[in-house]
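Okay, thanks for coming, everyone.

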Amino acid sequence: MKALKIMTALTVVLMSITNLTAQNNPLAGKWEAEYEENNEKSYVTYEFRKENGKLTCYTTYIKDDKGHGEKHESLAIKDVTFEGGKGTGTFIFAHEGKNYEVRAKLKLSDGNTLTISYSAWGYSDSETWKRLK
């Protein structure tokens, strides 16, 4: 019984810390984006982290539309600045086997939808990321 009370108290403390972190950083947590190429869908999970006082985003998991996936750790957005629901960062993506970096705009339209907009080679695009619960 005493162990149950201790576990309950620890859970409350951890939830409070998580909520405080989310309040201080509205991008905290995991996000998912859906991509389609050649009539095949894939889903990528991203996670914003604070490292050395700077906000950074990593790709953490990739899966196909059948649910098969694997962990994948790579830098997705660096040099993130974010305030008042808007920000910028350097978006990193692979195209035809090469990595590219482009400036991107970030916009949090509600607490659970993040739009990443960028332009490269005269082509503009935007991605919609949904917060995972």
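So, how many bridges join β7 to β8, and do the two run parallel or antiparallel? Eight bridges join them, and the two strands run antiparallel. Before I go on, keep in mind that this is a predicted model.

Let's stay with that pair for a second. β7 and β8 make a hairpin, with two residues between the strands. In that turn you'll find W121, which has a positive phi of about 55°. If you look at A120, its bridge partner in β8 is Y123.

Now go to the other neighbour of β7. β6 and β7 also pair in the antiparallel sense, here over six bridges. Again there's a hairpin, with two residues joining β6 to β7.

Is T115 buried, exposed or partly exposed? It counts as partly exposed, because its relative accessibility is 23%, and the cut-off for buried is under 20%. Across from T115 stands K107. Leaving out neighbours within four places in sequence, T115 contacts K105, L106 and K107, plus S126 and E127. And if you're curious about A33, 82 residues away along the chain, its C-alpha is 9.9 Å from the C-alpha of T115.

As a general point, side chains in a regular strand alternate between the two faces of the sheet.

Next, the core. The largest nonpolar core has 22 residues, and the ones touching the most other members are F48, I77, F91, L114, I116 and W129. Who supplies it? Strands β1, β2, β3, β4, β5, β6 and β7 each put in at least two residues. Take L114: not counting residues up to four places away in sequence, L114 touches L27, W31, F48, L106, K107, L108, E127, T128 and W129.

Last topic, aromatics. There are eight aromatic pairs in the whole structure. One of them is Y46 with W129, stacked, at 3.8 Å centre to centre and 0° between the planes. That pair links distant parts of the chain, since Y46 is in β2 and W129 is in β8, 83 residues apart. Both Y46 and W129 are buried.

There's also a cluster, where ring pairs link F91, F93, Y100, Y118 and W121. That's the W121 from the turn between β7 and β8.

Notes: Residues are numbered from 1 along each chain as its sequence is written. This is a predicted model: local features need pLDDT of at least 70, side-chain atom pairs count only at pLDDT 80 or more; totals for chains, interfaces and linings use all residues. Side-chain values use heavy atoms; hydrogens and water are left out. A nonpolar core is a set of buried Ala, Val, Leu, Ile, Met, Phe, Trp, Tyr and Cys residues joined through side-chain atoms within 4.5 Å. Buried means under 20% relative accessible area, exposed over 50%, partly exposed in between (1.4 Å probe, protein chains only). Helices (H or I, at least four residues) and strands (E, at least two) are DSSP runs, numbered from the N terminus. Contact means heavy atoms within 4.5 Å. Rings of Phe, Tyr and Trp (its six-membered ring) pair if their centres lie within 6.5 Å; planes under 30 degrees apart count as stacked, over 60 as edge-to-face and the rest as tilted. Two strands pair if DSSP finds at least two bridges between them.
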